[in-house]
Amino acid sequence: MSNLQRNTETPSVQPIRNTTFGTFSRSTRRYTPFTKTPKSRRLCISTAVRDIHRTPTPSQQTVDFKGLTNKTWKVYRLTPLYRFSAETKDQKWYGRLLSSHIETENQKSFVLDEDIPEKAIFSWYKGLKVGPDDEEALQIIIKGKSRNGNGVDVIVLTAFLLCVDLEDNPVDKELQQHFTYYPVMIVKGPVHSQNILTSWLERQFDCRVNPSTFSSLQLACIVAMWSGLCTKPIQKSKQVELLYKVPAECEGMSKITYSLCAQDCKDLWDSIHDSGSDEFTEVETQTFIRSIESHFYYYSKFDSLSIESHFYYYSKIRLSAMQLYRVGTPVMMLGSEGRLKIFSSQHALIILRHLTELSVEKFVP
Amino acid sequence: MSLLRPLNKVPHGQNATVLIIGSEGVGKHDLAKALVDGDAECPVQIRTASILPLPEKNDSERPRIDFVVFMVDLTRVESMKSVLNSLEQLDARYSLGKSCFAITKVNDPDRRSVAIESLMEVSEAYGITAIFGELETEEEKQCLANRILRMVEVASGFKPNITPLLLETVRVPNVTEDL
C-alpha cells in the first residue's frame, strides 16, 4: 500500500505561493478543468498557542474579544480592496458614503420583517493585528430603527474585516501600495443589510465579496485540530459534535449528529499527533477522523481507539459515506455554508488565523 | 490467494471484458451502460463488483478480464477506502495499462471529502491512469465512457501493433514535487 505521508516543511520556507500556482496550472492542464488543487503544503499550520505569544505587546494581552464571541457570524471572503485608505478622516467619509448608499437602497426596496438600517460607523478594532503583514481590523456598525416601530436605535448589523497573521501577502509587491488585502469578513445581521454592505464594498473598492464555503475535508481538519484545544478542565456541556448529512437514497433520516466527550478526543489526538511539533500532516488528520468514524462503525483490531468503529458496532452506520457539514468543538462551531460561532475568546486568534489562511488559499490573483 | 490475473485464461477474441469495481451507489451501472453504448470497435462485456477478490466458486465461468476500472466518488471517503483495499488484490500486470481510475463528482469542490492529492499519489504509486469525469448528464457519461473505451480497445488487443505497455511509456506522469 503506498505511503500517503506528505512531506511538510515549516512555513518559513518560501515560496509556498509558487507551489500553489505550480500545482494549480499543472493540474488543470493535465487532468480536468474543474478541480481546484488544494495546496500541497496547506497543513503547515502551527496549532500551538506559542506561535501567538511570539508577537505580544503589553496592551494586546489584555484584549478579550467580547464582541466576537458567542455570536453567529457569516463568513465571507474578499479580494483585495483598491484604494482603501486607513486614515481617520477617510473612516468618517466611508461612513457617510455607506449611509447614503443605505438610504438609496431603502428607497428602492421595502423589507418588512427586518430592522431598517440608517447610519454606518467605521472604526478600528484593536487586538487582531498579529503579524507584520496584517492590516488593522476594521469594524463596521450599521445602526438603524428597530422593526417594531418604537423608534429605538438598534445596531442592525456588525461586520469585521479581518486579516490575522497573514504569512505572505499574495498581492504583487508593486501593487501592494494600492491594494489592501483583508482575506476574511465576518458579518452578523439580517440578509438585506448584508447585501447592502457587500454591494457597497464591491462598488466602492472594486473587489469581490463571496460567501465562504468549507468542504468536508476542511471541517474534518478543523475538528482534528481543535477538539482538544481547551487545556482547562472541559465543561461537561461543551461537547465535540459532528453533523453528517445522509444521502437522499436513505429515506426517513436526513442527518446524523454525533457528539463526543471532548476529553476523549483530546486523548485520541494526543496519541496520534506528536505534541512536540508545530505542524501536522494530513495523514494524522485523516487517521483521527477515520478512527472517530470507525468507532461509530465497528471495533476493529488495529485502531483500538477508533471512534467510528465504536459507532458501527452499535449502529452499523458507515459515517465515511456521509457528508460532514457542520462541526462543533468546545471552542467554536463551523458549518459548511459559512456560519461560524466562537465560544472561547482566548482561542479566537487561532480560529481567525486559520480562517484567514483558508481564505487566502482560495485567492488567485 | 486469488489475485485477479490478466493472463491466466484464454482471451475471448470477439469481446472485450471490462470489470468495474466500486462501492455501492458510486454509479457502476450508469457507467456500464455508457460503455456498452459507446463507440468501440468491438462489443464490450461488462462485469461489476464491489470489492476484490472476486468469489472463487464462479471463477471457471468468468471470462478473462481485459480491463479493470476502479470508480471513486469524490464526495464519499468510503469509495476511496474500498478501492484502495481492492487494489491490493490486483495482479501487478494490470497496472501496465490494463486498468484505470474513473473519478466522479468532480464538479463541486465544496462537497468533496476525498483529497485529490492523496488519490493522485496512489495513482502515481501504482502507475494507474486517473480519468476524471461526471455521470450526471448523458453527454458527460458518454465522454467518460469514450475515454475509457480508448484504453479498453488497446488493452483487449483490438488495435493492431499497439500494446498497453506502449501507451504507458508515453503517459505523462503527474509531478507533485517541486522542481
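Modeller: Chain B holds five helices and five strands, where helices (H or I, at least four residues) and strands (E, at least two) are DSSP runs numbered from the N terminus. This is a predicted model, in which local features need pLDDT of at least 70 and side-chain atom pairs count only at pLDDT 80 or more, while totals for chains, interfaces and linings use all residues. Residues are numbered from 1 along each chain as its sequence is written, and chains are lettered from A and ligands numbered from 1 in the order in which they are written.

Biologist: In what pattern do the elements of chain B follow along the sequence?

Modeller: The pattern of chain B, read along the sequence, is β-α-β-β-α-β-α-β-α-α.

Biologist: How should I read the radius of gyration of chain B?

Modeller: The radius is taken over C-alpha atoms, and the globule rule is 2.2 Å times the number of residues to the power 0.38. For 179 residues a compact globule would have a radius of gyration near 16 Å, and chain B agrees, with 16 Å. Its C-alpha trace spans about 45 × 40 × 35 Å along the principal axes.

Biologist: What share of the contacts in chain B with a separation of 6 or more joins residues 24 or more positions apart?

Modeller: Two residues are in contact if their C-beta atoms, placed from the backbone, lie within 7 Å; in chain B that share is 84%. As one case, B:Ile148 touches B:Leu35, B:Val69, B:Cys100, B:Ala102 and B:Ile131, not counting residues up to four places away in sequence.
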